[in-house]
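Please keep the structure in view while reading.

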Amino acid sequence: MSNASLFQRATAVTPGGVNSGARALPDPMVWQRAEGAYLYDADGRRYLDYHAAYGPIILGHNHPAVNAAVADTLKGVDLTGAGTTELEIRLAEKVVEHVPSAEMALILGSGAQATYLAQRLARAVTGRVKLVKFQGCFHGGHDYLLLNIISAPEKIGAKDPASAGMLPEAVENTIVLPFNDIEALELTVSARGHEIAAIILEPIPHNIGCVLPRIDFVQTLRRLCDEHGIILVFDEVITGFRHGLGGYQETLGVLPDLTALAKAIANGYPCAALAGREDLMLRVSSAGGDVFFGGTTNGHPVATAAALATIAALEDGSVHERIFRLGERARSGLQEIANRLDISMTVAGYGSVFAPYFMSGAITRYADLLRNNTEADTRFRREMVKRGIFMLPLALKRSHISAAHSDADIDRTLEVAEDALKLMIRDHGFR
Ligand SMILES: Cc1ncc(COP(=O)(O)O)c(C=O)c1O
C-alpha cells in the first residue's frame with residue numbers, strides 16, 4: 001500500500017493520523033523501514049534522516065548492538081512491576097558514573113515524566129509554588145511547563161500557554177523569562193526568590209534550533225539558586241548523551257541540582273531518567289519519602305537494555321568524535337554555500353546538531369528568531385525532503401547527525417542544499 005492510502009486509513013482511526021502533535025507533516029509519510037542513516041517510506045522512497053526522531057537516534061537506526069541487547073533481554077525477565085532488575089541497577093550506576101551532578105538516578109519512560117517529577121520534587125523540598133522557565137524552552141506536555149515555546153511576537157513577555165485546557169493556576173505560577181538575560185533573571189529572583197521552587201532550562205534551547213547559553217548566564221543561575229534556596233533543574237532531554245556522556249553540564253562546568261534525561265540515552269527506545277542530589281532524590285516515595293513517584297513500565301527491561309547498549313557504544317568517545325566532526329562539516333558547508341549565494345543564513349548548532357536559520361545577526365534569545373524568514377525556512381526543508389534528505393519541514397527545527405552518517409552523506413546533503421537554495425532564488429526570488 002502507498003503512503004497516501006495508508007495515511008487515509010490512519011486518519012480514519014487516529015486524529016490527524018499521527019500519535020503526537022509534533023509528528024504532523026505537510027505531506028503524509030508512512031514509514032516502513034529504518035536502517036543506519038536512512039528511512040524508507042511506503043512508496044519505496046529512501047531518505048537520509050536528519051530528524052532522528054527529534055534526537056534520540058545517535059548511533060543510527062536499528063543499531064546492531066542495541067538490537068542485539070534488546071533481543072537478549074527477551075530471553076530473560078520481562079516486566080514484573082515489583083522490585084527491580086540488574087539492568088535497572090546497572091543503568092542507574094551508569095548515569096551516576098557519567099553525569100557529573102548525578103548522585104542518584106530514577107529510571108523512567110519519558111522526558112515529560114522526568115520534568116514533571118523534577119518540579120514536584122522541587123516544590124515539595126522548598127515548600128514553594130512558583131517555577132521559572134525560559135521563552136523558547138520545551139519541557140514536555142504537562143501543565144506546569146507547557147508555555148512560551150514558539151510564541152507569536154505579540155505573546156513574548158506575556159503568558160503563552162501552548163494548549164487549551166491547562167489549569168489556570170499552573171500557568172499563573174510559572175514565570176517566563178528571556179533566555180541569556182542576566183538582568184531579567186536577577187530582578188525576578190531578587191524580588192520573588194522566596195516564592196520560587198525551581199528554575200528549569202534546556203541548557204541549550206534546542207526546541208528553537210540551537211541557541212547557545214552565555215556562560216555568565218548559567219553561572220548567575222547557579223549562584224542565584226544557591227543564594228535563594230532554589231532548585232536548579234537542567235532539562236538535558238536533548239543535550240544529554242548527544243552532546244557528551246556527561247550531558248552539556250559537563251562542558252559548561254556548571255552543575256544543576258536535578259537533571260532530566262531521555263532521548264539519546266537509549267537510541268530511540270522509551271527510556272528516561274531523573275538524576276540529581278541524593279538528599280533531594282531520597283524524598284521520593286520509592287525511598288519512603290513523601291513525594292509520590294510511579295510508572296507501570298518504568299525501567300522496562302527492553303528500554304533499559306537499549307540504554308545500556310547505547311551508553312556502552314558511546315563510552316570510548318569515538319561516536320562523539322565522529323558526529324561532532326560531521327556536524328562541523330555540515331554547519332560550515334551550509335554556511336559557505338549561503339555566503340557564496342549571498343543568502344541571509346546563519347547556521348547555528350553544536351556538536352552533532354545543526355540549525356540553518358534564514359536570517360543574519362546575533363542569536364542569543366528567542367526574540368532574535370522573530371527575524372527568521374519562516375517561509376524560506378520551511379520551503380528549504382520541503383525542497384530537501386523532495387530530494388530525499390529528511391529535515392523536518394517545520395521552521396526552527398534542528399537536524400541531528402548520527403554515527404551512521406558518513407562524509408559522503410554530508411557531501412550529498414551539501415550538494416542537494418545548494419540545488420534547493422538555487423531553485424529558491426531562481427523560482428521565488430528568495431535571498
Ligand atoms: C527538552 C525536552 N524536554 C522534555 C521533552 C519531553 O520528552 P518526552 O517527549 O520524552 O516526554 C522534550 C521532548 O521533545 C524535550 O525536547
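## Strand pairing and a mixed sheet

Two strands are said to pair if DSSP finds at least two bridges between them. The model discussed here is a predicted one. In this model, strand β3, which covers residues 46–49, meets that requirement with β13: the two pair in the parallel sense over 2 bridges. Within this pairing, L48 stands opposite I389 of β13.

These two strands belong to an open sheet of 4 strands, arranged in the order β1-β2-β3-β13 with mixed pairing. Its edge strands are β1 (31–35) and β13 (389–390), each of which pairs on one side only.

## An antiparallel sheet

A further open sheet has 3 strands in the order β11-β12-β14, and its pairing is antiparallel. Why does one side of β11 and of β14 lack a neighbour in the sheet? Both β11 (346–350) and β14 (399–400) stand at the edges with a single partner strand each, so one side of each strand is left without a neighbour.

Strand β12, formed by residues 353–357, pairs with β14 in the antiparallel sense over 2 bridges. Here F354 stands opposite S399, a residue of β14.

## The ligand and its shell

Which residues surround the ligand? They are S110, G111, A112, F138, H139, G140, E202, N207, D235, V237, I238 and K263. Sorted by class, this shell consists of 4 nonpolar, 5 polar and 3 charged residues.

A polar side-chain atom of D235 lies 2.6 Å from a nitrogen atom of the ligand. An N or O atom in the side chain of K263 is 2.8 Å from an oxygen atom of the ligand. A112 takes part through its backbone, with a polar backbone atom 2.8 Å from an oxygen atom of the ligand. On its own, the ligand has 390 Å² of accessible area, and the protein covers 80% of this area.

## The cavity

Empty space in a structure can be found by rolling a probe the size of a water molecule over the atoms. How many cavities of 30 Å³ or more does the structure hold? There is 1 such cavity, and the volume of the largest cavity is about 30 Å³.

The largest cavity is lined by T115, A118, Q119, L131, L145, A198, I200 and V233. By class, this lining divides into 6 nonpolar and 2 polar residues, with no charged residues. Helix α4 (111–126) and strand β7 (196–201) each supply at least two residues of the lining. The largest share comes from α4, which contributes 3 residues.

## The second largest pocket

The second largest pocket holds about 440 Å³ of space. Its lining is made up of 21 residues, and those nearest its centre are G83, T84, E88, I107 and N298.

How values were computed. Residues numbered from 1 in each chain as written. Predicted model: local features only at pLDDT ≥ 70, side-chain atom pairs only at ≥ 80, totals over all residues. Heavy atoms only, no water. Near = heavy atom within 4 Å. Polar contact = N/O pair within 3.5 Å; in protein donor to acceptor, adjacent residues only side chain to side chain. Areas by Shrake-Rupley, 256 points an atom, 1.4 Å probe, with all protein chains shown as cover. Nonpolar A, V, L, I, M, F, W, Y, C, P; charged D, E, K, R; others polar. 1 Å grid on protein atoms, 1.4 Å probe; cavity = no way out; pocket = protein on both sides within 12 Å on 5 of 7 lines; lining within 4 Å. Points joined across faces, edges and corners; volume = space filled by probe spheres on them.
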